[in-house]
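Here is a short briefing to read alongside your structure. Have the viewer open and follow along topic by topic.

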Amino acid sequence: MVSPMLLIAMPLGAAFLIVLLGSKMAARIVAIATVAFLAVLAPIWLSAAISEPFVIVLADVLPPLGIAFGLDAVSAGFALLIAVSGLLVLLYSFPYIPHAGEFKGKEKAEVRYYAIFLLLLAGAFGLVMTKDIFNLFVFFEILCISSYLLVAYSQEERALEAGFKYMVLGSIGSAFMLVAIGLSYRLSGSLAMADIAKALAAAPNSYATLVSVLFVLGFGIEAAVFPLNTWLPDAHSSAPSSISAVLSGFVIEVALVVLVRLSLNVFSGAMLSVLAVLALAGILVGEMAALGQKELKRALAFSSIGQVSMMLFAFTLGSEIGKWAGLGQLLMHAGAKSALFLVSGYFIVRTGSHEIEAYRGLGRKMPAAGAFFAIAALSLVGMPPLFGFFTKLRIVEAAAAAHSAIGYAGIVVILFATVIESIYLFRIVRTLYGANAEVAASGAASGDLPAFAWIAVAGFVLLVLVGGFMIPSFDRLLQPMAAVLATI
Amino acid sequence: MLTSMLLILPLAGFLTSLAAAWIVPASSKARASGAVQKIIAGIGFAALFVFAFLAKSEIGTGYLGIPLFGLWLNFGLTQLSWYFVAMVAGISLVTVLFSLQGLRDDGRYPFYYIWLFSKTFGMLGVLLSADMLTFFIMWEVMSWCTYFLLQQGHEKAKRAGAGYLVYAVTAGMILLAGLLYVYFNVGSFDFRTIQKAFSGFGAGRIIVAMLLVLVPMLIEAAAYPVHWWLPSAYANAETGISAYLAAISTRIGIYGMTMFLFAGFGLTALNLVTANKYVSANEVLMIIGAFTMVVPTFTALFQHDAKELMTWHSIGQGGYMIVGIASSTTLGIAGGLFHVFNHMTYVSLILFSIAAVEYRTGTTNLNKLGGLIKKQPVAYLGLLFGIIGLAGIPPMNGFVSKWLIYRALILSGHPFIALAAFIATLGTILSVYKLIHNMFLGQLPERYNDIKEVGWGMRLPIIFMMAVVWLTGAFPGTVLAVVADIQQSLGLERVAYSVHGVAAEMGQLNMLVINIVFIGGLFVSWLIYLAGGKRKHIGQYDNYAAGHFLDKSIPYNYNYNFYAGMEHIFERLLHKPPVKRAEQALATFVSGTSEYVCRIFTGNITTYSAYVVAAVVVILLVLGGGR
Amino acid sequence: MISVSAVLYSTSMILILLGLYGVLTRKNLVRVVISLDVMDLGVNIFLVTIGYIRDGRAPIYLSDAPLSLVDQASNMVDPLPQALVLTAIVIGFGVTAVALTLIMRLYERNGTVMVSDLRGLKW
């Protein structure tokens, strides 16, 4: 079998190749070929990794000295999610990216867009595969820096501002992480996560707590843990919509899962209860703030905060079913939120406005876009038989099964959040189908989604549409993932 | 097998009509699209009706487990659910038949039948659910489909539908909490297991479970004070949909209430709670029911739109059902359940008549109509029969069920609830008088001189429903037989009925005698009328009022602002009813909170960095201090 | 007597706190970035200090050295933190470059580099 290192090596190589080739057409072809190749291989790796995790040895140096990578059920599952999402978003980018922003040297910039996009994918792949805490930091930085650049891609004022804010918070986070890495290396003399876990368990409590808090909060900035997620609404709403979809669809989730895995296995157990409380606060803040938004993408970004916190809450329950439920919600959210962001990208292109009110009646002008948006929103709120209903059901079930105060509090918060979600998401859907003579008469919306964008959005929508029916097959993947999540 | 057809048929209808709408879109070919939709709907709902009656043979036997979504969905027919299934199938068929002509093919409601199918599917799913998880899933499907059904039509309907969504999702979430509560106390979703387990539980657990489960049912049944979503939502829907929704959709809440009270938690559990000497569970429900009867009925009095007036009555009539069923006496339950059927028949009859008028005049505004009796006699008769049923006056069917409920209330020692029921009936009579007067009696406005009666496609359903309202009034035993079976299946005493009414041991009521007296009375008065001789037909302006002769420029203005005087008295309450004020306060509170929460995101990078530092410090302190 | 590593540890902590303070108080975007760099510097010094050994030798085995391989190893400084620091410096450089580019573009658009003017996105 081909080495899973391709997951990191191929996008990295392709990114440099794209810059060397320098032509837009070549960039598109190289990018899509790379990601498509990985998306085809990912299921093979996944089925292999479920039965027997890979340990990858680089340059013949064994851990703990070498750079340790591994492909187990979790990382292979995420590799599949990242590759498929990445492929669909790349498809969407072909027609969309020329619309993103007006600035000098746009042609050249588009080439770089694909290169940086591949870097982002490489960072995400690396993040889930690494077994070594410093590599984790390196891939974290690759992911972050490429995100800063992609967020600011359009070079509009709001994009630059969002990118800068993201960057400042990301840098603070990485400084905290580095200190935590240094402290744990000083303690354990190793960078392998397994060694650090052992050393921290034996260390004095205050030392372990300091390391845990610094690392979890540093990394939590990327994982959008409240209150470290203040950059998120700005960045996700100002980025080009393809990037918003990627950031909301899997980037925060990848960071979240890595964070949860580290908290479960490496760091002090107290972090889990801290994260549970932060998660509940995040749900409330995210959903309540989304309710007050006038811009579509900003509302979606706040909804992402709520949704991600919901997953985090499920993970922190500590039970197998909790992790299982969290992973299910993650998968559903990747489909639904990506679709919502991708569709809203074309709403913005067609009307030139970010405001929800500007889209009044657009659903009739763009029937496919409107229908996709409505279905994805329905799944997010949880209408049976769409995927979202069952994932949310499982989360509250897991919370009830925990028989703990935080579990019961979580149920109340999630049920309340669902009501709020239904209010703001369907206010948007209603606006889309509202009567508006102006939009109907003017050529403001000239046409529905272009073919490539249509395919990409349809792919994501298909997931939430049939996800509910495919739960038994998804469970065959999610269950081993949930089990592996509790190990390094 | 037949039971499964009840789910497959509406689902297949939904998918077929959806595909048809895609192939023949209403936006380009409104006429063709409408015709295709109607053919599919006609065939689908007719088949559904047949299967609903065939499925009666499978009551209690045909359990159906479907492995889907990694769960088992369990369906089965009980006596109680069959009664509601038959009503759903019947009224949806009549609604569709009425809509064949009543709904113009102008492409304004391209998804009408699609959502009608899906809504029917959701309701049948709820009714057929054999366990609580299936019940919840189908409940959610049903709520969402109601929302989509309400989203058809104009802006006002959409806004009203938005209000419904908030109530419905809230109800769903409370139900979900109840589902989890029951599951983790019992360890099973199955209704029979739940009933067994609950008979052994203490009052505390039963009360929590009942609150969590009954509140959503009361929201769906639009009981006071959670009724506010209903009037504008139903009144602004297309009139056929209003009839369908008011007739049966709301009553799924009544089904759920009955089912959870008597089949879900079981009578033993209920009695345990009822044993409390200060306040008993069923009395709380009856008080809610009493408020539901009185307040909405009197609100109906002051409506100026025929449909809105009727939707308020639809809420009020739900109160009778709640009171009857919650009284948990044989007569009361029989009356409550029978009233569901009666209400369905006369409310759809009234709304069909209103729709017939709206079809010709284009309005349902009571201030603008009048004198249509000669123009639309069938609609007039339909409305007349309907309001006699609504007001609970013999010989129509509404009288029988109300008689049962009154009698149950008085016999079970609830005189004040009975008084409330009488007061509500008074309000009903006052307001239906306004309805029929302002639409059909009085002076005909000039602009309606050329109005014609609607076609047979709409006339026949009206005439059919008139017959049903009258015949089930004359022979209530036909329906009471089913009700008695339900009572037996729930382990209650059977109501003693005869074909013509209620048997002697439960208080003699013979509708046949009443009918003969009634018709005899009519005949006698007709004879007197004939014998009176001297009659003269005069034009509507050959009249005077307040010393003025009337002509076209001064029609009498009795129609306008009917009950203006009374409205003045109740002005303060009507202008801002306490329930509405509470609802608004809650909405303001939520949006205000949301505004404050948004302020967390100041946009200032310095603040954001400070959050991070503060979080690190606070968590370090908490974790350090905790040891 | 204060050990070298103690001095270095405290220096690094002071630099990190100083950098944080800068990020929290500076009104000029360029100064915010400089503060981030100060913080980075502190972190890097911290990492190097972890590998510090008094009188240590470079972590390179020499075949012609007078000492045996075991003796050489006994007094070597830990090479790993140094490798980490090199990586961290590169990353820090990258981030600074990105940050300054963003500031440049912002200045082109807005004509200002004040934090208080960077509040288009809020609430």
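This is a predicted model: local features need pLDDT of at least 70, side-chain atom pairs count only at pLDDT 80 or more; totals for chains, interfaces and linings use all residues.

**The annotated span in chain A**
- Residues 131–408 of chain A carry a UniProt label, "domain: NADH:quinone oxidoreductase/Mrp antiporter transmembrane", which comes from an unreviewed entry.

**Where chain B touches chain C**
- On this interface, eleven residues of chain B are in contact with nine residues of chain C.
- Helix H25 of chain B, covering residues 605–625, gives the most to chain B's side, with five residues.
- By class, the chain B side that touches chain C has five nonpolar residues, five polar ones and one charged.

**A helix pair within chain B**
- Helix H13 (residues 281–300) and helix H14 (residues 306–326) of chain B pack with their axes 7 Å apart, at an angle of about 160 degrees.
- An angle over 145 degrees counts as roughly antiparallel, and H13(B) and H14(B) are therefore roughly antiparallel to each other.
- The crossing of H13(B) past H14(B) is left-handed.
- From H13(B), the contact residues include B:Asn282, B:Leu285, B:Met286, B:Gly289, B:Met293 and B:Pro296.
- From H14(B), they include B:Leu309, B:Trp312, B:His313, B:Gly316, B:Tyr320 and B:Val323.
- Sorted by class, the contact of H13(B) with H14(B) has 14 nonpolar and nine polar residues, and no charged ones.

Notes
Residues are numbered from 1 along each chain as its sequence is written. Chains are lettered from A and ligands numbered from 1 in the order in which they are written. UniProt positions are given in the numbering used here, feature names are shortened, and annotations may be inferred rather than shown by experiment. Two residues are in contact if their C-beta atoms, placed from the backbone, lie within 7 Å. Helices (H or I, at least four residues) and strands (E, at least two) are DSSP runs, numbered from the N terminus. Ala, Val, Leu, Ile, Met, Phe, Trp, Tyr, Cys and Pro count as nonpolar, Asp, Glu, Lys and Arg as charged, and the others, Gly among them, as polar. Axes are lines fitted to C-alpha atoms, for helices over the stretch in contact, and angles run from 0 to 180 degrees between N-to-C directions. Angles under 35 degrees count as roughly parallel, over 145 as roughly antiparallel, 65 to 115 as roughly perpendicular and the rest as oblique. A crossing is left-handed if the near helix is turned anticlockwise from the far one by less than a right angle, and right-handed if clockwise.
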